[in-house]
Amino acid sequence: MIQFQFEDHHHSIKKKRKQLLNCAKIVGRFLVSLVLVLLAHSALLLVPLFFSSSASSLLLQLILSGLVLLLATGVGRWCRRLVGVFASAPALVFFNVLFIWGVYLFLVQRAVSRFMNVVFNVEIALLLLGLCRILSSDPGVVTYESSISEDEVCGAEAYNKGSKPLNRVRYCRSCKAYIKGFDHHCPAFGNCIGQNNYVLFMVLLVGFVASEVSYIVCLSHFSRESQILGGTVSENNVAESLVISTKLFCLLQVLWQGLFVMWHVYCICSNIRTDEWINWTRYPEFQSEVQSQRGESFTGVVFRNPYDKGILHNVKEFLGIES
């Protein structure tokens with residue numbers, strides 16, 4: 001009896017120790033993410049400090065800002081390997097949003113109209129809520145018996161039999177789970193994007209672009225007001241450079257996120273997932289055999305999309321309102 005009590009006590013101590021280690025690891029990853037965000041924006045601050053802020057040099061500033069961010073990312077990876085604690089991609093996104101919001105509240109807000117102020121603050125608040133929501137959302141995880149292998153789920157048997165529960169179920173190697181309607185694993189949101197959270201993902205993606213465009217518009221009001229008041233809105237060169245560097249950061253984000261939105265709009269209208277488009281040779285239902293002309297025995301495989309039923313039907317299926 002005493003031995004059992006001792007073993008239970010020892011097991012309880014080990015469990016608590018493991019929980020503390022996990023909490024410490026999470027806190028460490030958040031701290032590393034915060035430091036990397038501050039370092040990246042500090043490095044980005046050097047671009048407007050040392051280069052002209054005229055409109056003619058905007059392209060040069062964008063190129064230099066992109067190079068600075070790439071360099072900061074490389075240095076961050078080297079430091080993470082040196083320290084042994086890796087950053088959290090969702091935390092990086094979260095702290096970047098907070099950093100932009102902080103610059104807006106302390107430097108830009110007083111020069112912006114009340115309407116734009118309300119719009120931008122609401123956008124950021126909804127963006128942060130959406131980030132928290134998608135982190136814990138179920139992308140459409142499907143559980144199978146251990147006798148079912150990945151090849152059976154992703155192969156011809158799963159589709160040619162027309163079994164509805166296995167329809168478009170793919171395996172995510174990052175999450176080690178089967179996801180219905182799997183599009184891709186999103187490191188920035190720390191979750192898979194599948195059938196159940198694809199709409200939320202698109203809303204968040206459009207929300208990021210909209211909030212960044214709103215911030216750029218707010219900065220145009222800030223610059224105009226600063227010129228009218230003879231530069232009194234911007235108290236020093238560092239503050240002004242910080243405003244410009246965050247503008248460059250948002251412009252870069254809008255450029256690649258805008259392309260990303262366009263890609264997913266194409267996928268929605270065509271009823272195809274990113275994983276299916278990249279790895280279509282792995283999925284038999286996307287393969288169609290064609291025979292060479294003149295009676296030759298050689299046959300080839302071409303891509304076909306069996307799920308494309310027209311833009312209107314595809315959009316309805318994406319929104320979950322198909323009849």
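Cys 269 is partly exposed, at 22% relative accessible area; here buried means under 20%, exposed over 50%, and partly exposed in between, with a 1.4 Å probe and protein chains only. This is a predicted model, where local features need pLDDT of at least 70 and side-chain atom pairs count only at pLDDT 80 or more, while totals for chains, interfaces and linings use all residues. Numbering runs from 1 along each chain as its sequence is written, and side-chain values use heavy atoms, leaving out hydrogens and water.

| Residue | Relative accessible area | Class |
|---|---|---|
| Cys 269 | 22% | partly exposed |
| Cys 250 | 2% | buried |
| Leu 46 | 44% | partly exposed |

As for disulfides (two cysteine sulfur atoms within 2.5 Å), searching the whole structure turns up zero. Cys 269 has its nearest cysteine sulfur 9.5 Å off, on Cys 267, and is in no disulfide.

Next up, helix α8, residues 237-270; helices are DSSP runs of H or I with at least four residues, numbered from the N terminus. Its 34 residues reach 49 Å from first C-alpha to last, close to the expected 50 Å (1.5 Å times one less than the number of residues). Just after α8, Asn 271 has a positive phi of about 55°.

Now the surface: Leu 46, Leu 49, Phe 50, Phe 51, Leu 60 and Val 238 make up a nonpolar patch with about 580 Å² of accessible area together. Patch members have over 30% relative accessible area and no salt bridge, with nonpolar side chains joined within 5 Å; a salt bridge puts a Lys or Arg side-chain nitrogen within 4 Å of an Asp or Glu carboxyl oxygen. Helix α1 (residues 2-50) supplies the largest share, three residues, and Leu 46 lies in that helix.

Notes: Patches are made of residues with over 30% relative accessible area and no salt bridge: like charges are joined within 9 Å, nonpolar side chains (Val, Leu, Ile, Met, Phe, Trp, Tyr) within 5 Å. Accessible areas come from the Shrake-Rupley method with a 1.4 Å probe; for residues, only the protein chains shown count as cover. Helices (H or I, at least four residues) and strands (E, at least two) are DSSP runs, numbered from the N terminus.
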